[in-house]
Amino acid sequence: MTQPLPPLPATFEADLGLDLHMHSTASDGALSPCALAEACQAKGVTRFCLTDHDTVAGVAEAQRHADSLGLRCLAGSELSTLWRGIGIHVVALLPSGAHGALEAGLAAQARARDARAEEIAHRLEKVGLDAALARAREQAGSERPLGRPDFAKALVAAEVVPDIPTAFKKYLGAGKPGDVKTHWPYLSEVVEWIRDSQGIAVLAHPLRYRLTHRKRGQLLDAFREAGGEAAELISGHQNADVGRDLARQLEARDLMGSQGSDFHYPGGPLAPGVMSAPPRCSVTPVWRHPKLATFAA
Ligand code: AMP
Ligand code: MN
Ligand code: MN
Ligand code: MN
């Protein structure tokens, strides 16, 4: 993590070669951690954070490979949490890695995913997908904890639905039979785990929860109150007007801003480093956090 690179600027700018939210085969991404590092290099992304769902299992491999390519890879994870019954994702930026309460928390998240997968499987069996757990496991192609995308692929493979979006729309999306989220810990608890590992808690994609402006404000308040320090100002492709509104909400609360593609697989609209341009704003970039001084320098 000490490769010489031009330092990051003090404000948000377009095309920084910086992506702080991406997935690999350690969760529901299509590329191995090695292949992801190579995709970053191909796209001119020189600094990145690997943020697989509820795990840091891919980080060591990504960091080793990034090092060999002259890139910087920050440890991270995207944790599943609950706030007022809504599934909320929190990105942990982990310059000191995961230990103590966070390490234990990630182990608990893996067990929660196992229990949840069984429950999702039961529910999908009731609506006509037999042996749902085995089918999802086959789609995952490894022993990693299962997620809803594995069940979505199983529904497509069994020809219950024509494609992944329909699988979410009918069976796995918010309020549908396979949307099981009762296993996740409360938002504030997860922020505590991250702080205990000297990490930075970042509210993931605040515009993707379908909240009103007012309720999003309440979520940002609750997150900050819990010890959260930043939110993703930019996540993949987003609407410019709503992005400006979000910037005002972060400025008003003195929350820092992060940016990431939330890249999962090649061939779609996203790639490492691909995201909307930043709005004109005075939001402090999260890479100015003292804990990220080495990463940003
Ligand atoms: P899980 O972590 O098991 O709750 O699964 C959530 C993941 O499913 C997200 O991180 C996305 O990768 C994927 N996902 C969620 N909603 C959709 C959707 N409507 N279409 C396709 N993929 C989705
Ligand atoms: Mn995902
Ligand atoms: Mn997410
Ligand atoms: Mn993500």
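Trainee: Let me start with one residue: is Glu 78 buried or exposed?
Mentor: Glu 78 is buried, because its relative accessibility is 1% and the cut-off for buried is under 20%. Keep in mind that this is a predicted model.

Trainee: Okay. Which residues coordinate the manganese ion (ligand 4)?
Mentor: His 21 and His 23 each give their NE2, Glu 78 gives OE and Asp 262 gives OD, at 2.1 to 2.2 Å. Along the chain those donors follow the pattern H-x1-H-x54-E-x183-D. The pair of His 21 in strand E1 and Glu 78 in strand E3 (residues 72–83) links distant parts of the chain, 57 residues apart.

Trainee: And is His 21 buried or exposed?
Mentor: His 21 is buried, with a relative accessible area of 0%.

Trainee: What about the manganese ion (ligand 3), which protein donors does it have?
Mentor: Glu 78 (OE) turns up here too, along with His 89 (ND1) and His 205 (NE2), and they lie 2.1 to 2.2 Å from the ion. The sequence spacing in this case is E-x10-H-x115-H. His 89 sits in strand E4 (residues 86–93) and His 205 in the loop between E5 and helix H8 (213–225), so to speak a link between distant parts of the chain, 116 residues apart.

Trainee: How do E4 and E6 pair with E5?
Mentor: E4 and E5 run antiparallel and are joined by 4 bridges. E5 (residues 200–203) and E6 (residues 230–235) run parallel, with 2 bridges between them.

Trainee: Which residues face each other there?
Mentor: Val 202 in E5 is the bridge partner of Val 91, and Val 202 also stands opposite Ala 230 in E6. Leu 203 stands opposite Ala 231 in E6.

Trainee: Which way do the side chains of E5 point?
Mentor: Ile 200 and Val 202 point one way, Ala 201 and Leu 203 the other, and all are buried. In a regular strand the side chains alternate between the two faces of the sheet.

Trainee: Last topic: what lines the second largest pocket?
Mentor: Its lining divides into 7 nonpolar, 5 polar and 3 charged residues. The volume of this second largest pocket is about 180 Å³. Of its 15 lining residues, the closest to the centre are Ala 14, Asp 15, Leu 16, Gly 17 and Gly 273.

Trainee: One more, where is Ser 96?
Mentor: Ser 96 is in the loop between E4 and helix H3 (100–126). Ser 96 counts as partly exposed, at 43% relative accessibility.

Notes
Residues are numbered from 1 along each chain as its sequence is written. Chains are lettered from A and ligands numbered from 1 in the order in which they are written. This is a predicted model: local features need pLDDT of at least 70, side-chain atom pairs count only at pLDDT 80 or more; totals for chains, interfaces and linings use all residues. Side-chain values use heavy atoms; hydrogens and water are left out. Two strands pair if DSSP finds at least two bridges between them. Donors are N, O and S atoms within 2.8 Å of the metal (3.2 Å for Na, K and Ca); water is not among the atoms, so sites may look incomplete. On a 1 Å grid over the protein atoms alone, a cavity is a set of points where a 1.4 Å probe fits but cannot get out, and a pocket is an open set with protein on both sides within 12 Å along at least five of seven lines; lining residues have an atom within 4 Å of a point. Grid points are joined across faces, edges and corners, and a volume is the space filled by probe spheres set on the points. Ala, Val, Leu, Ile, Met, Phe, Trp, Tyr, Cys and Pro count as nonpolar, Asp, Glu, Lys and Arg as charged, and the others, Gly among them, as polar. Buried means under 20% relative accessible area, exposed over 50%, partly exposed in between (1.4 Å probe, protein chains only).
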